[in-house]
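Hi,

Here is the structure I said I would pass on.

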Amino acid sequence: MPVAIISPRGDRSVGAQRQRAAVPMLMQKLFMTDVDDSERTQVLVALGRIADPRAGKQLLNCAKATESEHVRAAALYALGESASPELTAGLAKFSQASKDEKVKRLVDDAIRKIEARAIVVPNRQPTLLELERRMAPPR
């Protein structure tokens, strides 16, 4: 399998198109040493747009390991967009360990997004009553 090279603009394109096949490659790029913080941020935003739960643990590790506020914020955004409910406990521990109020707020936002997504049942067909309510003429 040939190795694809993704430019920062390509990261945005891949994220916008929600190409899940690109997740492993983006994760590798995220942890490369020769990638600067602006590129990492773009990779994280792309991963958030793709919203693949497989990246959750690595995104949490990235948020914990980085010293850059921008990278941490992007990692927490991506976690909120893509992580599975199993990671909320790890996020809560990360929030408790942090002294930064911005980080605590970002973690709380991510946890709320994850929990809201868990409540919504995918591929659920609306009932006839719900359809009637939606399609009824305005009163």
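Of the contacts in the protein (heavy atoms within 4.5 Å) between residues at least 6 apart in sequence, 59% join residues at least 24 apart. Bear in mind that this is a predicted model, where local features need pLDDT of at least 70 and side-chain atom pairs count only at pLDDT 80 or more, while totals for chains, interfaces and linings use all residues. Residues are numbered from 1 along each chain as its sequence is written, and side-chain values use heavy atoms, with hydrogens and water left out.

The protein has eight helices and zero strands (DSSP runs numbered from the N terminus: H or I of at least four residues for helices, E of at least two for strands). Of its 139 residues, 37% count as buried, meaning under 20% relative accessible area with a 1.4 Å probe, protein chains only.

Now for the inside. As for Leu 47, leaving out residues up to four places away in sequence, the residues it touches include Leu 26, Met 27, Leu 59 and Ser 82.

One loop residue is worth a look too: Thr 66, between α4 and α5. Thr 66 counts as buried because its relative accessibility is 14%. Its side chain reaches the backbone nitrogen of Ser 68 at 3.2 Å.

Cheers

Terms used: Buried means under 20% relative accessible area, exposed over 50%, partly exposed in between (1.4 Å probe, protein chains only). A polar contact is a pair of N or O atoms within 3.5 Å; within protein, one must be able to donate a hydrogen and the other to accept it, and residues adjacent in sequence count only if both atoms are side-chain atoms.
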